[in-house]
Amino acid sequence: MAGLVAKRYGAAIFELAKEKDAVVALENELLIVQESFTQVELNEFLGHPGVSLDEKVRVLEDSLSGKISHDLLGLLVLVVKKGRYSFIDKIFEEALEMIDAYRGRVKAYISSADMLTVAQKSMIIHELGALTRKDIIPLYEEDESLIGGLVIRIGDRIVDNSIKGHLHTLSRE
């Protein structure tokens, strides 16, 4: 259910920004506000049953009014009023993914057994960009269990060219 809620709210704020030609501004606002919602105190405050809904909304409006667009503030207030404040981080992630897609960017999760050199990273990004015809946002991870090679995930597509993957394939044959 969290995924569906996040997709709906994320799509709503993204489409609104797109209509107003304010996608870049929304992206900047989301990144700034997203940082605030990672703070434990804010999440505890929004989730505290002893704090009234009106007080939660008042604090949000007082702290964010004039710093973010009226549309994003309205979304946050609506989410809090509906009791879905725990979905805010997922809503932001969904909206940011839609913005990336709109702006021709895609995240590539790249796992390798060892730390990749700058030259290797550059080559991988170049090749992935040529294949996808999109700007690549690389997210690197070291995974010693791969033994060697790479595992690359873009969206729901996975390319496993690791030694671990090859051994697993051989063991099934």
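Which residues have the most contacts inside the largest nonpolar core? In this predicted model, where local features need pLDDT of at least 70, side-chain atom pairs count only at pLDDT 80 or more, and totals for chains, interfaces and linings use all residues, they are Leu30, Phe37, Leu72, Leu76, Ile91 and Phe92, and the core has 31 residues. Residues are numbered from 1 along each chain as its sequence is written, and side-chain values use heavy atoms, with hydrogens and water left out.

A nonpolar core here is a set of buried Ala, Val, Leu, Ile, Met, Phe, Trp, Tyr and Cys residues joined through side-chain atoms within 4.5 Å. Buried means under 20% relative accessible area, exposed over 50%, and partly exposed in between, with a 1.4 Å probe and protein chains only. The largest share, seven residues, comes from helix 5. Take Phe37: leaving aside residues up to four places away in sequence, Phe37 touches Leu42, Asn43, Leu46, Leu60, Leu76, Ile88 and Phe92, where contact means heavy atoms within 4.5 Å. There is also a second, separate core of nine residues, with Val106, Ala108, Leu128 and Ile154 among them. In soluble globular proteins, nonpolar side chains tend to be buried together.

Four strands make an open sheet in the order 2-1-3-4, with mixed pairing; two strands pair if DSSP finds at least two bridges between them. Strand 2 and strand 4 (157–162) sit at the edges, each pairing on one side only. On average, neighbouring strands of this sheet are turned by 15 degrees against each other, direction ignored. Axes are lines fitted to C-alpha atoms, for helices over the stretch in contact, and angles run from 0 to 180 degrees between N-to-C directions. Helix 7 packs on the sheet and touches strand 1, strand 2 and strand 3, its direction making about 135 degrees with that of strand 2.

Strand 1 (residues 105–112) and strand 3 (residues 149–154) run antiparallel and are joined by five bridges. Along this pair, Ile110 stands opposite Ile152, while Ser111 has Val151 as its bridge partner. Strand 3 also pairs with strand 4 in the antiparallel sense, over six bridges, and there Leu150 stands opposite Asn161. These two strands form a hairpin with two residues between them, and Gly155 in the turn has a positive phi of about 65 degrees.

Most residues other than glycine have a negative phi.

Finally, the largest pocket is lined by 14 residues, of which Leu128, Leu131, Thr132, Ile154 and Val159 lie nearest its centre. On a 1 Å grid over the protein atoms alone, a pocket is an open set of points where a 1.4 Å probe fits, with protein on both sides within 12 Å along at least five of seven lines; lining residues have an atom within 4 Å of a point. Helix 7 gives the largest share of the lining, six residues.
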